[in-house]
Amino acid sequence: DAAQSVCQKVASADSKQWVAEKRQLARYVTVKDTIASNPKGVNTNLAWLILRYHNRLVDPSASELEPWRFLFETATKVSGNKPVQAWRTVCVALMVHPHFYSY
């Protein structure tokens, strides 16, 4: 699947990039931030990714982000507390979402 391949490469590159502005998935968080450690950063990052992948402006505090927060939090837990892998999961979900194709 193209989305999984691309997102794995992007997440891998992000995990090695210390300059936030150069990261493609974790722009407003560190690759180790979780919802518990940086909820504001995670929300801001999710809103930025939705703008980037779906061209939709969403307020970081909007309830519309709840499914994406749940996905990120669940993926973090399932990955053994590896947020960078959770961002990969969010990336794949954003790319296979119908809004990605309509953008």
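Contact here means heavy atoms within 4.5 Å. The model shown in these views is predicted.

**View 1. The contact of helix H2 with helix H3.** On the H2 side, Val42, Asn43, Leu46, Ile50 and His54 take part, and they meet Trp68, Arg69 and Phe72 of H3. Sorted by class, this contact comprises 5 nonpolar, 2 polar and 1 charged residues. The two helices pack at an angle of about 115 degrees, and their axes are 10 Å apart. Angles of 65 to 115 degrees count as roughly perpendicular, and H2 and H3 are therefore roughly perpendicular to each other. Their crossing is right-handed.

**View 2. The packing of helix H3 against helix H4.** H3 spans residues 66-78 and H4 spans residues 83-96. An angle of about 140 degrees relates the pair, with the axes 8 Å apart. That angle makes H3 oblique to H4. H3 and H4 cross in a right-handed manner. From H3, the residues Trp68, Leu71, Phe72, Ala75 and Thr76 meet a set in H4 made up of Pro83, Ala86, Trp87, Thr89, Val90, Ala93 and Leu94. The residues of this contact divide into 10 nonpolar and 2 polar, with no charged residue.

**View 3. The packing of helix H2 against helix H4.** H2, which covers residues 39-54, packs with H4 at an angle of about 30 degrees, and the axes of H2 and H4 lie 10 Å apart. The crossing of H2 past H4 is right-handed. In H2, Val42, Asn45, Leu46, Leu49, Ile50, Tyr53 and His54 take part in the contact, while H4 contributes Trp87, Val90, Cys91, Leu94 and Met95. The contact of H2 with H4 holds 10 nonpolar and 2 polar residues and no charged residues.

View 4. Leaving aside residues up to four places away in sequence, Trp68 touches Leu46, Ile50, His54, Val90, Ala93, Leu94 and His97. Among these residues, Leu46, Ile50 and His54 belong to the H2 side of the contact with H3. Val90, Ala93 and Leu94 are among the H4 residues that H3 meets. Val58 is 10 residues from Trp68 in sequence, and the C-alpha atoms of Trp68 and Val58 are 12 Å apart in space.

Definitions and conventions:
Residues are numbered from 1 along each chain as its sequence is written. This is a predicted model: local features need pLDDT of at least 70, side-chain atom pairs count only at pLDDT 80 or more; totals for chains, interfaces and linings use all residues. Side-chain values use heavy atoms; hydrogens and water are left out. Axes are lines fitted to C-alpha atoms, for helices over the stretch in contact, and angles run from 0 to 180 degrees between N-to-C directions. Helices (H or I, at least four residues) and strands (E, at least two) are DSSP runs, numbered from the N terminus. Angles under 35 degrees count as roughly parallel, over 145 as roughly antiparallel, 65 to 115 as roughly perpendicular and the rest as oblique. A crossing is left-handed if the near helix is turned anticlockwise from the far one by less than a right angle, and right-handed if clockwise. Ala, Val, Leu, Ile, Met, Phe, Trp, Tyr, Cys and Pro count as nonpolar, Asp, Glu, Lys and Arg as charged, and the others, Gly among them, as polar.
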